[in-house]
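Hello,

Here is the structure we talked about passing on. Please open it first, then read the notes below.

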Amino acid sequence: MSRRNYYTGKYALDKHELLTVMHYALNYNKWRDEYEALANSGKGIDYDKDKVQTSSDYDPVQSAGIHRAELSARINLIEQTAKET
């Protein structure tokens, strides 16, 4: 089965590559907003007696930091790609 390229020349993309690029571009604003919302998440954690987790493995600050790092990598990838093109 032959590959159908949507762009010719230097940036030839097949259908799935094009959809991946579009997905990242369309989610950029959502990821920026989510990244900014997680900026002060460590300070706003309320340890209420009724809501305390019994598992000692879960750390909300750590999981927020990991998610923020993943979002930062995605945002930087999009911004670098835009600068290069």
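**What I found**

In helix α2, the buried residues are Ala64, Leu71, Ile75 and Ile78. Keep in mind that this is a predicted model. Part of the cover over those buried residues comes from α1, residues 15-37.

An α-helix has 3.6 residues a turn, so residues three or four places apart point the same way.

Now look at α2 as a whole. It runs over residues 60-84 and has 25 residues. From its first C-alpha to its last it reaches 36 Å. That is close to the 36 Å expected at 1.5 Å a residue.

**The whole chain**

The chain has 2 helices and 0 strands. It counts 85 residues, and 13% of them are buried. The accessible surface comes to about 7,400 Å². Carbon and sulfur atoms hold 51% of that surface. Next, take the contacts between residues at least 6 apart in sequence. Of these, 52% join residues at least 24 apart.

**The salt bridge**

How many salt bridges does a search of the whole structure find? It finds 1. The side chains of Arg32 and Glu79 meet in it, at 3.7 Å from N to O. Arg32 lies in helix α1 and Glu79 in helix α2, so the pair ties together parts that are 47 residues apart in sequence. Side chains of opposite charge can pair when their charged atoms come close.

Are these two residues buried, exposed or in between? Arg32 is partly exposed, because its relative accessible area is 30%. Glu79 is also partly exposed, at 27% relative accessibility.

**The aromatic pair**

The count of aromatic pairs comes to 1. Tyr24 and Trp31 make this pair, with ring centres 5.1 Å apart. Their planes stand at 80°, so the pair is edge-to-face. The cut-off for that label is over 60 degrees.

Tyr24 is partly exposed, with a relative accessible area of 26%.

**The nonpolar patch**

Last, turn to the surface. Leu19, Met22 and Leu26 make a nonpolar patch of about 320 Å². Leu26 has its place in helix α1. Is Leu26 buried or exposed? Leu26 is exposed, because its relative accessible area is 70%, and the cut-off is over 50%.

Start with the Arg32 and Glu79 pair in the viewer. Then find the rings of Tyr24 and Trp31.

Best wishes

Technical notes: Residues numbered from 1 in each chain as written. Heavy atoms only, no water. Helix = DSSP H or I, 4+ residues; strand = E, 2+ residues; numbered from the N terminus. Expected span 1.5 Å × (residues − 1). Buried < 20%, exposed > 50% of the residue type's maximum accessible area, 1.4 Å probe, protein only. Contact = heavy atoms within 4.5 Å. Areas by Shrake-Rupley, 256 points an atom, 1.4 Å probe, with all protein chains shown as cover. Patch = residues over 30% accessible without salt bridge, like charges linked within 9 Å, V, L, I, M, F, W, Y side chains within 5 Å. Salt bridge = Lys/Arg side-chain N within 4 Å of Asp/Glu carboxyl O. Phe/Tyr/Trp six-rings, centres within 6.5 Å; stacked < 30°, edge-to-face > 60°.
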